[in-house]
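Visitor: I have a structure to go through with you. Could we begin with the ligand surroundings and then move on to the strands and loops?

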Amino acid sequence: MAHDVYHARFVVVGGGIAGVTCAETLASECPEEKVLLITASNLVKAIKNYEQTSRVLETFDVEEQPWSQLEFKSGIQVLQATVSSLAAQEKVVYTSCGKHVHYDKLCICSGGVPKMVPGNHPLVVGIRDTESVKDFQNKLDHAERVIIIGNGGIATELVYEIEGCEVIWAIKDKSIASTFVDEGAAQFFLPHLNSEKQQAHQIVKRQKFSIDRCKCASSLNGFALGPDWAAGQCMKGVKQTSHHVFVKYEVEVSMVMSPEELAKAGLSCQTPDLFRKGNNKEEWPVYVQLTNNCVYGSDLVVSATGVTPNTLPFLPGNNFEVAEDGGLKVNENMMTSVPDVYAAGDVCSASWQLADLWFQMRLWTQARQMGCQAARCMAADIRGTTAPLDICFDLFAHVTKFFNFKVVLIGLFKAQGLGNDYELLLRVTKGEEYIKVVLHEGRLVGAILIGETDMEETFENLALNRTDLTPFKDHLLEPGIDIDDFFD
Ligand SMILES: Cc1cc2nc3c(=O)[nH]c(=O)nc-3n(C[C@H](O)[C@H](O)[C@H](O)COP(=O)(O)OP(=O)(O)OC[C@H]3O[C@@H](n4cnc5c(N)ncnc54)[C@H](O)[C@@H]3O)c2cc1C
Ligand SMILES: NC(=O)C1=CN([C@@H]2O[C@H](COP(=O)(O)OP(=O)(O)OC[C@H]3O[C@@H](n4cnc5c(N)ncnc54)[C@H](OP(=O)(O)O)[C@@H]3O)[C@@H](O)[C@H]2O)C=CC1
């Protein structure tokens, strides 16, 4: 039927940061062209107060807003629908409600879905969008104990936020928060794991995320949350305690079981921890066996084990090259291997010759940067030109907050890929700051800055300029030294 067929020069799928940035950039680069955004969610994410604080560091606020507001503001046409398939040869996207959308250039920004530990148990939850947080909060409400699996961003934020509930934090590694920080920084954080939650004792300049709660009720297949998603949320179990976190190091999940499955597996007498109230023998609703053979009962399990790119509707019948992590491979123009199809954000895998000090992490800033880069390249393509890769892809930079400390990560902050060929400089003031610099051949290639160090811009410049620090390195982290003086 005619009214079910759409055509737009540019079609973008996804109302998260990557998709909205891509659509907005297209609308401003090519105001004469029609831009159509298809999104499954009834809200979209809009960036506000964007500020480039240095050459690659940036801050911005993000707001969820109804898509009608985006249409009004930017002239983008929005179609709220779920894409069910793509016929790339015919250049048509099909939606589950029967709409056919023809494009000249398509950008896929469908984000990711939480990777779940095996078992498919209803009390194992993943956290991605507003709905999943609500589901988690509802379940946590009655919980005495929760098991958190994973050692990345979500787990590290959750263990700090959850109160009134025992937390068993099961991690694969020797140290906490290992996706983001090294063992030294983990040691710095450890005393804060079970301390009283602080009111923000510092002003952290980082991205902010606000949700207009009453409008979120039916957010379906929603976009990923972002910075501050947990702060200010009620993350409380039934107990009167504050923090009660037990870390189980170097373990993975072997099995998730119901009480019946546990009994069948004959595991019931292997650990004293099987019953909720010792001798009362009250069962827990879910049990997790770890690879150290211990079995823990719990009210709830959170699988915070990363994301899988959400490629499902796009792959069948098309010839996409897919990376090992499941993402659509893109080149430096954010182009996939399929003609006229681009991808950006969590769904894609950066597969160009990466700069030495940049790598992909599925983060908010990178989703914005990739969405913008994709749009510039799509616009350039219809003009028969090309757009250069933005400087933000020269140096990895991330600003976040863990245990109420500002955390800035620059370049190869964990000496990734350097083997043993690096030198470390360290300055630690317990409870206040942790500064680690990674030097390779006398040059700064990475840094972790925890606390209010105010050094990020200087370190970013040193990394970008490849400055030889050999003559100054012994003084680089001396307190009170103004690093800029070395170069005058
Ligand atoms: C709990 C949590 C906390 C986080 N905290 C931080 C943080 O502190 N800092 C940070 O940098 N990053 C953080 N991240 C990561 C960050 O949020 C993501 O990397 C980023 O938002 C990804 O953006 P995106 O646009 O690629 O995908 P998404 O935000 O997931 O958006 C995908 C969009 O595609 C739509 N969609 C999906 N499938 C279809 C379909 N078939 N048809 C139509 N539309 C579809 C969805 O509805 C959605 O609108 C966090 C993530 C989570 C889950
Ligand atoms: N403050 C921030 O910047 C935040 C960022 N985020 C982002 O949101 C997304 C989702 O967060 P999250 O789920 O925490 O993902 P992350 O990628 O941050 O961390 C996943 C963690 O789970 C571990 N893991 C993977 N598979 C298993 C398994 N089978 N058993 C046990 N552990 C496993 C990973 O270890 P390994 O790496 O060894 O595989 C890693 O430690 C990520 O892109 C993250 O970067 C989320 C919250 C806060």
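Visitor: How do the residues of the shell around ligand 2 divide into nonpolar, polar and charged?
Guide: In this predicted model, the shell around ligand 2 consists of 9 nonpolar, 9 polar and 4 charged residues.

Visitor: Which of the 22 residues around ligand 2 come nearest?
Guide: The nearest are Gly150, Gly152, Gly153, Ile154 and Arg362.

Visitor: Which helix gives the most to that shell?
Guide: Helix H4, residues 153-161, gives the most, with 4 residues. As for domains, at least three residues of the shell around ligand 2 come from domain 1 (5-111 + 310-383), and at least three from domain 2 (114-201 + 216-306).

Visitor: And ligand 1, how many residues surround it?
Guide: Ligand 1 is surrounded by 39 residues, and the closest are Gly14, Gly16, Gly111, Phe223 and Gly345. The shell around ligand 1 divides into 18 nonpolar, 18 polar and 3 charged residues.

Visitor: How many bridges join strand E1 to E2?
Guide: Strand E1 (residues 5-13) and E2 run parallel and are joined by 4 bridges. Phenylalanine 10 has valine 35 in E2 as its bridge partner. From E1 the chain crosses through helix H1 (residues 17-29) to E2, a right-handed β-α-β crossover.

Visitor: What about E2 and strand E5, how many bridges are there?
Guide: E2 and strand E5 (residues 77-80) are joined by 4 bridges and run parallel. Glutamine 80 in E5 stands opposite threonine 39.

Visitor: A change of topic: in what order do the 3 strands of the open sheet with E15 lie?
Guide: The order is E15-E16-E17, with antiparallel pairing. Strand E15 (253-257) and strand E17 (295-298) are the edge strands, each pairing on one side only. On average, neighbouring strands of this sheet are turned by 20° against each other, direction ignored.

Visitor: Which residue in E16 stands opposite methionine 257?
Guide: That residue is tyrosine 287. E15 and strand E16 (residues 286-290) pair in the antiparallel sense over 4 bridges.

Visitor: Where is glutamate 261 found?
Guide: Glutamate 261 lies in helix H6 (residues 259-264). Glutamate 261 has 15 other C-beta atoms within 10 Å and is therefore partly exposed. The C-alpha atoms of glutamate 261 and valine 286 are separated by 9.6 Å, the two residues being 25 apart along the chain.

Visitor: Finally, backbone angles. What is the phi of phenylalanine 403?
Guide: Phi is near 50° for phenylalanine 403, a positive value in a residue other than glycine. Phenylalanine 403 sits in the loop between strand E23 (397-402) and strand E24 (405-411).

Visitor: Is phenylalanine 403 buried or exposed?
Guide: Phenylalanine 403 is buried, because 21 other C-beta atoms lie within 10 Å.

Visitor: And arginine 466, what is its phi?
Guide: Arginine 466 has a positive phi of about 55°, although it is not a glycine. Arginine 466 belongs to the loop between helix H8 (456-465) and helix H9 (483-486). With 14 other C-beta atoms within 10 Å, arginine 466 is partly exposed.

Note on methods:
Residues are numbered from 1 along each chain as its sequence is written. Chains are lettered from A and ligands numbered from 1 in the order in which they are written. This is a predicted model: local features need pLDDT of at least 70, side-chain atom pairs count only at pLDDT 80 or more; totals for chains, interfaces and linings use all residues. A residue is near a molecule or strand if its C-beta atom, placed from the backbone, lies within 6 Å of it. Helices (H or I, at least four residues) and strands (E, at least two) are DSSP runs, numbered from the N terminus. Ala, Val, Leu, Ile, Met, Phe, Trp, Tyr, Cys and Pro count as nonpolar, Asp, Glu, Lys and Arg as charged, and the others, Gly among them, as polar. Domain bounds come from an automatic or database domain assignment. Two strands pair if DSSP finds at least two bridges between them. A crossover is right-handed if, with the strands pointing away from the viewer, the path from the first strand over the helix to the second runs clockwise. Axes are lines fitted to C-alpha atoms, for helices over the stretch in contact, and angles run from 0 to 180 degrees between N-to-C directions. A residue is buried if 20 or more other C-beta atoms lie within 10 Å of its own, exposed if 12 or fewer, and partly exposed in between; C-beta atoms are placed from the backbone.
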